[in-house]
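Dear colleague,

I am handing over the structure below, and my notes on what was found in it follow directly after. Please read them with the model open beside you.

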Amino acid sequence: MKQTAVFLVVIVLSFAVVSWIRGGKPPVAIGEVKTKESLQVAVMPITKQPYRISIPSYGNVEAEERFKIHALVSGQIIERSPKFKAGAFVSKGDVLLKIDRNEYELAESEAKSALAASELALQEEYARAEQAQRDWNKTKSSSNAREFVLRKPHVKSVEAKLESAKAALINAQRNLQRTVVKASFSGRIESVHVEQGAVVTPNTLLAEGFASDYAEVRLPISTKDLPFIHAQDITKDDVAIELINTLVSPHQVWKAEFERTDASIDQSSQQLFVIARVENPFSSQESAPKVPLHLGQYVKAELKGPEREGIIAIDNELIYQGSYVYVVNREKTGTTEAGETHDTLERRTITVSFRGAEKSVVESGLEEGDLLVTTLLGQLTSGIRVEINP
């Protein structure tokens, strides 16, 4: 009996285990075959549009013209203008300094006296020459009179002395005028080198300054970007330059003109410097009030070339590793297991002719009508199924 009971228990337990195993089997799916999901992307149709290339640069404000003021006569400085200070604005002809003029007034008086004596001596010599001619005529000689007898050399000598006296007076008057030192330019005094009471000599450097009506900024441009703003078919009027004063907030923009380029490429940087010219940079502008620029100030710049037609320009962030983009290929569609067609992703190699701060100009690799993927992706391969977001 015991053996029979054990045998029955074993059979029951075996049946229970088999039932449990069968009950744990996952159910069989019945219905449509599930397809692999597509990659959702946004796209932008490629169009050729007018585009103006903008090249960033930088530089320092420099004086277009510099001036040095020297003393032209010797003497003591007895008077100094309030404008004779570093940073002061001056106009051409403004009196800056006065040098003691006593000895130059005396020299002028002596030169006038010498001139009067020379004029008198010449009149006397004219009279002697006339008398000599009359005396010769009384002799009724058929031979020609010698020039010395007629006092012609004497007349020439006195005439030369008169001209020398005139020149001496002009020089004395000029030196007298030079005791008043005037500004030879309209602009700003940068530095002064003498004080009132100082004794100066000719060629003593009194001050240095610069013209304030214009300033220049030398802007380095890469040689690969230069053709966009400085080609044979581009004129100065085609190029717009903006100088950005970053010392004020908000930043202020000064309009500048394309003046010229350096004669040679800088050997250390292999860049060519473009010289921009800005008008009245050191004074506020009434039409659009601005904080004046300062000599030596660092400024940012934007050089804009002429607008060109038929350009493909795309955002820099859509270009991967500077060499390729993603487009949706609608011409070569794939087919799902259910018989449906789908779009595929294509990794397209491009050539960039210019890369700006935000956009790049594509020279080749994209055509008008291509669907550029604007969704940021990682490194993917071509052929991946995609679905365009509406």
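P250 sits in the loop between β14 and β15, where strands (E, at least two residues) and helices (H or I, at least four) are DSSP runs numbered from the N terminus. The peptide bond that leads from S249 into P250 is cis, with omega near 0°. The model is a predicted one, in which local features need pLDDT of at least 70 and side-chain atom pairs count only at pLDDT 80 or more, while totals for chains, interfaces and linings use all residues. Residues are numbered from 1 along each chain as its sequence is written, and side-chain values use heavy atoms, with hydrogens and water left out.

Two further loops deserve a look for their backbone angles. Most residues other than glycine have a negative phi, and most peptide bonds are trans. N203, in the loop between β11 (199-200) and β12 (205-211), has a positive phi near 80°, and N203 counts as exposed because its relative accessibility is 61%; here buried means under 20% relative accessible area, exposed over 50%, and partly exposed in between, with a 1.4 Å probe and protein chains only. N280, in the loop between β16 and β17, has a positive phi of about 45° although it is not a glycine, and at 31% relative accessibility N280 counts as partly exposed.

Leaving aside residues up to four places away in sequence, I241 touches, among others, L219, W254, F258 and L303, a contact being heavy atoms within 4.5 Å.

For the protein chain as a whole, the secondary structure comes to three helices and 25 strands, and 32% of the 390 residues count as buried. Of the contacts with a separation of 6 or more, 75% are between residues 24 or more positions apart.

With regards
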